[in-house]
Amino acid sequence: MTAIRRNRTAGTPTLFDLEGPAGGVAEEKREVVPAGGDRILLGTSSFTAKGWEGTFYPAGMKPAQFLTHYARRFRTVEVDSTFYGTPPLTRVRSWYDRTPADFVFAAKVPQVITHEKVLVDCAEEFQEFLKTMETLGEKLGPLLLQFAYFAPSVFKNSGEFLARLGPFLKKLPKEQRFAVEIRNNDWLDERFTDLLRANSVALALIDQSWMPRPWEMKSTVDLVTADFTYVRWLGDRKGIEAVTKTWEKTVVDRRPDLLQWVKIFRELMKRDLKVYAYANNHYAGNGPGTVKLFWELFEGGK
């Protein structure tokens, strides 16, 4: 893991740097121009976290105002809570009502589908999830199938996994965007990427402790499998939680890694792709700080 700093040094981005005027209702125009643009949509994994109140969110702000405040600073969010189950329809409608017209929600497919049933006999749960999320209309972005690491007792090899995954991908509704994330590092090969490409499903590119980053790949597999790319800055959960479990400031220096990601993003832009990228608090200590630093590095290299 990248060296962890226990004390913030001068110039390190924190949630305070992103604080701006508070507001209670969604407006047509943002008060702050968010990082990213029309082709690069940047956000965080979830829009709430321990330590954000009084930092990213002004002290005293009501939780009902958090999403509106967040959406004035970022174009998109990856909803993490859907991993634990399909949300109530009323909640999804409130997400829509509290965000600007150009805001985009990405969301994790529930774990009952990816982890518990592992794509078997889960049609009812999957259809319920899709129907609920489609309430977001034009604000619905990619839906992420995040798989766990699979031991040989579950799938002996990648071939067995692909035999399970392939039929599921073929049934996905074409009008929605999907991405797939795996945690078995030896499964990142052409058979896997070709299957995703055949179904116009994006491979999630992740920066996580035991998976190779794009620039660390030993093979020359083309990691672009759709007309968009999905990036997740995840980090080392165990390592960072040994230092902190609150997320109000940066504790890991990720500048060298993010400079590598800047290069990756520039290559993606040359291929005329849309990129959705999300920073987890476990990556550097706070998601908004990671997004801010990445965009500064990306813009600074122009």
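I started with the largest pocket and found 23 residues lining it, with Lys108, Leu234, Arg237, Asn280 and His282 nearest its centre. This is a predicted model, where local features need pLDDT of at least 70 and side-chain atom pairs count only at pLDDT 80 or more, while totals for chains, interfaces and linings use all residues. Residues are numbered from 1 along each chain as its sequence is written, and side-chain values use heavy atoms, with hydrogens and water left out.

For my own reference, the search runs on a 1 Å grid over the protein atoms alone: a pocket is an open set of points with protein on both sides within 12 Å along at least five of seven lines, a cavity is a set where a 1.4 Å probe fits but cannot get out, and lining residues have an atom within 4 Å of a point.

Which elements give two or more residues to the lining of the largest pocket? I noted strand S7 (228-235), helix H7 (237-241) and helix H9 (281-284). S7 gives the most, with three residues. Helices here are DSSP runs (H or I, at least four residues), as are strands (E, at least two), numbered from the N terminus.

The volume of the largest pocket comes out at about 500 Å³. A volume is the space filled by probe spheres set on the points, and grid points are joined across faces, edges and corners. By class, I get six nonpolar, 10 polar and seven charged residues in this pocket's lining. Nonpolar covers Ala, Val, Leu, Ile, Met, Phe, Trp, Tyr, Cys and Pro; charged is Asp, Glu, Lys and Arg; the others, Gly among them, are polar.

Next I checked for cavities and got two of 30 Å³ or more in the whole structure. The largest cavity holds about 110 Å³ of space. Its lining has 13 residues, and Leu188, Ala204, Leu205, Ile206 and Pro212 are the closest to its centre. Strand S6 (residues 202-208) supplies the largest share of that lining, four residues. The lining of the largest cavity splits into 11 nonpolar, no polar and two charged residues.

Then helix packing. How do helix H8 (residues 255-270) and helix H10 (residues 287-300) pack? Their axes are 9 Å apart, at an angle of about 60 degrees. That makes H8 oblique to H10. Axes are lines fitted to C-alpha atoms, for helices over the stretch in contact, and angles run from 0 to 180 degrees between N-to-C directions. Under 35 degrees counts as roughly parallel, over 145 as roughly antiparallel, 65 to 115 as roughly perpendicular and the rest as oblique.

On the H8 side, the contact (heavy atoms within 4.5 Å) includes Trp261 and Phe265, and on the H10 side Phe294 and Phe298 are among the residues involved. I count this contact as 10 nonpolar, one polar and two charged.

I also looked at helix H5 (residues 158-170) and helix H6 (residues 190-198), whose axes come within 10 Å and cross at roughly 0 degrees. That makes H5 roughly parallel to H6. Seven nonpolar, three polar and one charged residues make up the contact.

Last, the backbone. Ser46 is not a glycine, yet has a positive phi of about 85 degrees. I found Ser46 in the loop between strand S1 (40-44) and helix H1 (66-71). Asp272, also not a glycine, has a positive phi of about 60 degrees, and Asp272 lies in the loop between H8 and strand S8 (274-279).
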